Amino acid sequence: MNEVRIYKNIFEDFLNEELNITLENYLKVSELVNFSGEPEKHLNFTDVYIVLDGNAVLYFGKELESEVEVSEGEYRGKAIKNPQKIELEKNTVVIIPANNAHKLDVPDKLRLIVLKLKIKNNL
């Protein structure tokens, strides 16, 4: 990408919609309320979460139980094997490298930016 892009009113204009940065990478601004995510893993994408407001719990680990490929390089599972847990709050930035299982639970409300970044090589 060789051009400067400026996005104003990002919550008002892009809430719960994907904004393509390039053909392979995107940004999504989300507001989640009483949300329990499904354990997942991406082979070709790194996720970056930027928490703007609220709280959540992120579970992460290396492997999914009962892993199923739902699309090329995208997996869902029943649970995360031996998960670690971290509390997310305002101003937290989390980088989830490709091929790491993760699940997000929001007990109340969470506002965040999700960056989905395509990796060049699987490691």
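Strands are DSSP runs of E with at least two residues, and helices are runs of H or I with at least four residues, both numbered from the N terminus. Lysine 103 belongs to strand β12 in this sense. The structure is a predicted model, in which local features need pLDDT of at least 70 and side-chain atom pairs count only at pLDDT 80 or more, whereas totals for chains, interfaces and linings use all residues. Residues are numbered from 1 along each chain as its sequence is written, and side-chain values use heavy atoms, with hydrogens and water left out.

**Nonpolar cores**

A nonpolar core is a set of buried Ala, Val, Leu, Ile, Met, Phe, Trp, Tyr and Cys residues joined through side-chain atoms within 4.5 Å. Buried denotes under 20% relative accessible area, exposed over 50%, and partly exposed the range in between, with a 1.4 Å probe and protein chains only. The largest such core has 13 residues, and Tyr49, Leu58, Leu88, Leu104 and Leu110 have the most contacts inside it. Two or more residues each come from β4 (45-54), β5 (56-61), β11 (93-96) and β12 (101-118). Of these, β12 gives the most, with five residues. Another core, of five residues, lies apart from this one and includes Val29, Val48, Ile113 and Leu115. In soluble globular proteins, nonpolar side chains tend to be buried together.

Contact is defined as heavy atoms within 4.5 Å. With neighbours within four places in sequence left aside, leucine 110 is in contact with Ser30, Glu31, Leu32, Val51, Asp53, Gly54, Asn55, Ala56 and Leu104.

**Strand β11 and its partner**

Strands β4 and β11 run antiparallel and are joined by four bridges; two strands pair if DSSP finds at least two bridges between them. Isoleucine 96 in β11 is the bridge partner of aspartate 47.

**Buried charged residues**

Lysine 103 counts as buried because its relative accessibility is 16%. Glutamate 74, in strand β8 (residues 74-76), likewise counts as buried, at 14% relative accessibility. A polar contact is a pair of N or O atoms within 3.5 Å; within protein, one must be able to donate a hydrogen and the other to accept it, and residues adjacent in sequence count only if both atoms are side-chain atoms. The contacts of these two side chains are tabulated below.

| Side chain | Partner | Distance |
|---|---|---|
| Lysine 103 | Serine 36, side chain | 3.0 Å |
| Glutamate 74 | Histidine 42, side chain | 2.5 Å |

Not counting residues up to four places away in sequence, lysine 103 touches Ser36, Gly37, Glu38, Pro39, Val57, Leu58, Tyr59 and Ile80. With its neighbours within four places left aside, glutamate 74 is in contact with Lys41, His42, Phe45, Val68 and Glu69.

The charged end of lysine 41 sits over the ring of tyrosine 75, 5.6 Å from its centre. The criterion requires NZ of Lys or CZ of Arg within 6 Å of the ring centre and within 35 degrees of the ring normal.

**Positive phi in loops**

Most residues other than glycine have a negative phi. Serine 66, in the loop between β6 (64-65) and β7 (68-71), has a positive phi of about 55°. Asparagine 91, in the loop between β10 (84-88) and β11, has a positive phi near 70°. Serine 66 counts as exposed because its relative accessibility is 53%, and asparagine 91 counts as exposed at 65%.
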